[in-house]
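Let's take a walk through a protein together. Have the sequence and the 3D view open, and follow along as we go.

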Amino acid sequence: RVEGDGYNVNVPLDVVTDQGYGDEQYLLIWRDVLLPIAKEFAPDIVLISAGFDACIGDPLGQMRITPPCYGLLTRLLLNVCPKVAIVLEGGYNLMTMPRAICCCNYALLAGAKQQTNNYDVSEFYNEFKENITDQNGDDAFDVWSTKYADDLVERDYNRYIKQYRKKKGIQSNVSDEEDFSLQS
């Protein structure tokens with residue numbers, strides 16, 4: 001067996017809603033799939049080819065990850081492996097992508113750190129805002145949250161997935177009782 005065998009995983013996400021997946025769904029994937037694999041593998045270093053197509057408002061990715069969630073995802077990874085390097089790749093929303101990059105950079109500079117609730121984006125964002133200020137003091141960083149406020153409202157994905165399967169006649173190995181909600 002080659003070292004690393006069994007630790008390579010893809011998590012394909014099909015946009016089955018009119019809204020795309022957001023912070024809650026991505027945090028579930030990290031908590032239940034990616035972080036356990038990373039902990040078991042225990043890498044010496046993690047290199048990330050960081051594309052921001054999944055950032056809220058990106059026309060290509062059509063997902064809804066907020067800039068502070070990108071920072072929190074970075075922090076969660078740092079808590080598993082303190083040696084993380086990020087190489088910028090892409091993203092097409094010039095309002096949210098730079099802010100997501102800034103949140104990732106903040107997480108890298110702050111280093112590994114446990115939060116009161118490890119999966120609470122608001123806790124990360126409040127800490128970020130306490131430590132990073134806009135040069136003019138005008139809260140320009142937060143403009144994304146106003147522009148995309150409607151997209152920040154979480155939909156009931158359990159209901160969406162069931163309706164989508166029924167509408168499309170899709171058979172799935174996931175039972176109708178499966179819950180896709182983030183539990184703290």
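Where is Gln62 found? Gln62 sits in the loop between β1 and α2. Those names come from DSSP runs, numbered from the N terminus: helices are H or I runs of at least four residues, and strands are E runs of at least two. Before we go on, keep in mind that this is a predicted model, where local features need pLDDT of at least 70, side-chain atom pairs count only at pLDDT 80 or more, and totals for chains, interfaces and linings use all residues. Residues are numbered from 1 along each chain as its sequence is written, and side-chain values use heavy atoms, with hydrogens and water left out.

Back to Gln62. Its phi is positive, about 55°, although Gln62 is not a glycine. Gln62 counts as partly exposed because its relative accessibility is 46%; buried means under 20% relative accessible area, exposed means over 50%, and partly exposed is in between (1.4 Å probe, protein chains only). Pro59 lies in the loop between β1 and α2 too, and with 58% relative accessibility Pro59 counts as exposed. The C-alpha atoms of Pro59 and Asn93 are 7.2 Å apart, although 34 residues separate the two along the chain. Ala42 also has a positive phi of about 55° without being a glycine, and you'll find Ala42 in the loop between α1 and β1.

Now zoom out. The protein chain has six helices and two strands, and reading along the sequence gives you the pattern α-β-α-β-α-α-α-α. Of the 184 residues in the chain, 38% are buried. Take the contacts (heavy atoms within 4.5 Å) with a separation of 6 or more: 73% of them join residues 24 or more positions apart.

So what's inside? In soluble globular proteins, nonpolar side chains tend to be buried together. Here, the largest nonpolar core has 36 residues, and those with the most contacts inside it are Leu27, Phe52, Tyr70, Phe124 and Phe128. A nonpolar core, by the way, is a set of buried Ala, Val, Leu, Ile, Met, Phe, Trp, Tyr and Cys residues joined through side-chain atoms within 4.5 Å. Helix α1 (23-41), strand β1 (46-51) and helices α2, α3 and α4 each supply at least two residues of this core.

Next, look at how some helices cross. The axes of α2 (residues 67-80) and α4 come within 9 Å and cross at roughly 100°, which means that α2 is roughly perpendicular to α4. An axis is a line fitted to C-alpha atoms, for helices over the stretch in contact, and angles run from 0 to 180 degrees between N-to-C directions. Angles under 35 degrees count as roughly parallel, over 145 as roughly antiparallel, 65 to 115 as roughly perpendicular and the rest as oblique. Pro68, Cys69, Gly71, Leu72 and Arg75 on the α2 side meet Val121, Phe124, Tyr125 and Glu127 on the α4 side. Sorted by class, this contact has six nonpolar, one polar and two charged residues. For these classes, Ala, Val, Leu, Ile, Met, Phe, Trp, Tyr, Cys and Pro count as nonpolar, Asp, Glu, Lys and Arg as charged, and the others, Gly among them, as polar.

Helix α3 meets α4 as well. Their axes come within 11 Å and cross at roughly 85°, so α3 is roughly perpendicular to α4. From α3 come Cys102, Cys103, Tyr106 and Ala107, which meet Phe124, Glu127, Phe128 and Asn131 in α4.

Let's finish with a pair. Is Arg75 buried or exposed? Arg75, in helix α2, is buried because its relative accessible area is 1%. The side chain of Arg75 makes a polar contact with the side chain of Gln115 at 2.9 Å. A polar contact is a pair of N or O atoms within 3.5 Å; within protein, one must be able to donate a hydrogen and the other to accept it, and residues adjacent in sequence count only if both atoms are side-chain atoms. Gln115 is in the loop between α3 (97-110) and α4 (121-131), and Gln115 counts as buried at 9% relative accessibility. A polar atom of the Gln115 side chain also lies 3.0 Å from the backbone oxygen of Asn117.
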